[in-house]
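Reader: Before I rely on the labels attached to a structure, I would like to see how each of them is reached. Could we go through them one by one?

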Amino acid sequence: MKDVKDVKEQLTGAVYGLGWGAVRRLPEPAAVRLGRTIADTAWKRRGKSVLRLESNLARVVPEASPERLAELSHAGMRSYMRYWMESFRLPVWSPGRIRAGLEVKDIHLVEEALESGRGVVAALPHLANWDLAGAWITTRLGRPFTTVAERLKPESLYDRFVAYRESLGMEVLPHAGGSAFGTLARRLREGGLVCLVADRDLSASGVEVSFFGEPARMPAGPALLAQQTGALLLPVTLWYDSPTTMRGQIHPAVPVPETGTRPERTAVMTQQVADAFATGIAEHPEDWHMLQRLWTADLEPRAASGGGAAGTETETP
């Protein structure tokens, strides 16, 4: 008899497989309606993920009334399901549709660095659709980039995510195993682009930052990579601007401090990344897809582990 966990993992893989197969065949208006229906149903059930989202948003918008938080979480679930509907359909979008789906301010900061042969670390929070941003970058620049993904269960689901993201022009490395950091560093020294979702630490090596006035831990990987390779570290924030378009902002580069130990420099740089994230999230809280525990006060105690790629992360929601 199979373990209940194994059965659950198989069902999860089957559901996502159905989504990839069915949603991409729907006309876009039908996919939009389906996403909204799923989001509204999930929000009305007031499950753990919705309650966690509201708890996180309460820190982002501390002056919000309970009614306002409910409105934000409702909009947040719709934004989250929009991410999924778009992501399921991205492989069948034309290059023109991908280019039209996103406008990015100050993209020249990325282009100029790469043209000069300097590597770039783009650090993003869980805002709007980072997969669309990745597809847009590969379409706009005509070159791949490297990222890191959490190894999901079941393995079939992880394999689907990797194949899907590779089809969009991404090189995907597993978060676990400890070899990702070295590969990322090599890509950067070669003048490549690395993109990391970096607002939630999945390892035991994260850096404590002040985030909306409270302690939280964020991955050290972006700052460490910039220090070790000389790559430019650029925070990036995204938001949905209309039913068919998304916008993005490339924030000013985070400099490597001239003094201090490596841990001290890493702490300073990671705080600056967190501050840039906070700016984008505060402006568009409904597009922040943080349905998990983030702040230190909310985390459950866990045994220290070896961590992943020195705090690098690209988490699949």
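Author: What follows is a set of questions about labels, each answered by setting a value against a definition.

Reader: What kind of model is this, and how are its residues numbered?

Author: This is a predicted model, in which local features need pLDDT of at least 70 and side-chain atom pairs count only at pLDDT 80 or more, whereas totals for chains, interfaces and linings use all residues. Residues are numbered from 1 along each chain as its sequence is written, and side-chain values use heavy atoms, with hydrogens and water left out.

Reader: What makes the pair Glu86 and Arg82 a salt bridge?

Author: The term asks for a side-chain nitrogen of Lys or Arg within 4 Å of a carboxyl oxygen of Asp or Glu. For Glu86 and Arg82 the closest N and O atoms are 2.9 Å apart, so the pair meets that rule. By this rule the count comes to 14 salt bridges.

Reader: Where do Glu86 and Arg82 lie?

Author: Both are in helix H4 (residues 66–89), 4 residues apart, which is about one turn of the helix. Helices here are DSSP runs of H or I with at least four residues, strands are runs of E with at least two, and both are numbered from the N terminus. On that basis the chain has 11 helices and 9 strands.

Reader: What label does Glu28 receive, and which residues does it touch?

Author: Glu28, which is in helix H2 (residues 28–45), has 26% relative accessibility and therefore counts as partly exposed. Not counting residues up to four places away in sequence, Glu28 touches Arg89, Trp93 and Arg97, where contact means heavy atoms within 4.5 Å.

Reader: Why are helices H3 and H4 called oblique to each other?

Author: The axes of H3 (residues 48–60) and H4 come within 9 Å and cross at roughly 120 degrees. These axes are lines fitted to C-alpha atoms, for helices over the stretch in contact, and the angles run from 0 to 180 degrees between N-to-C directions. Angles under 35 degrees count as roughly parallel, over 145 as roughly antiparallel, 65 to 115 as roughly perpendicular and the rest as oblique, and H3 and H4 are therefore oblique. Among the residues that meet there are Val50, Leu53 and Leu57 in H3, with Leu69, Leu72 and Met77 in H4.

Notes:
Buried means under 20% relative accessible area, exposed over 50%, partly exposed in between (1.4 Å probe, protein chains only).
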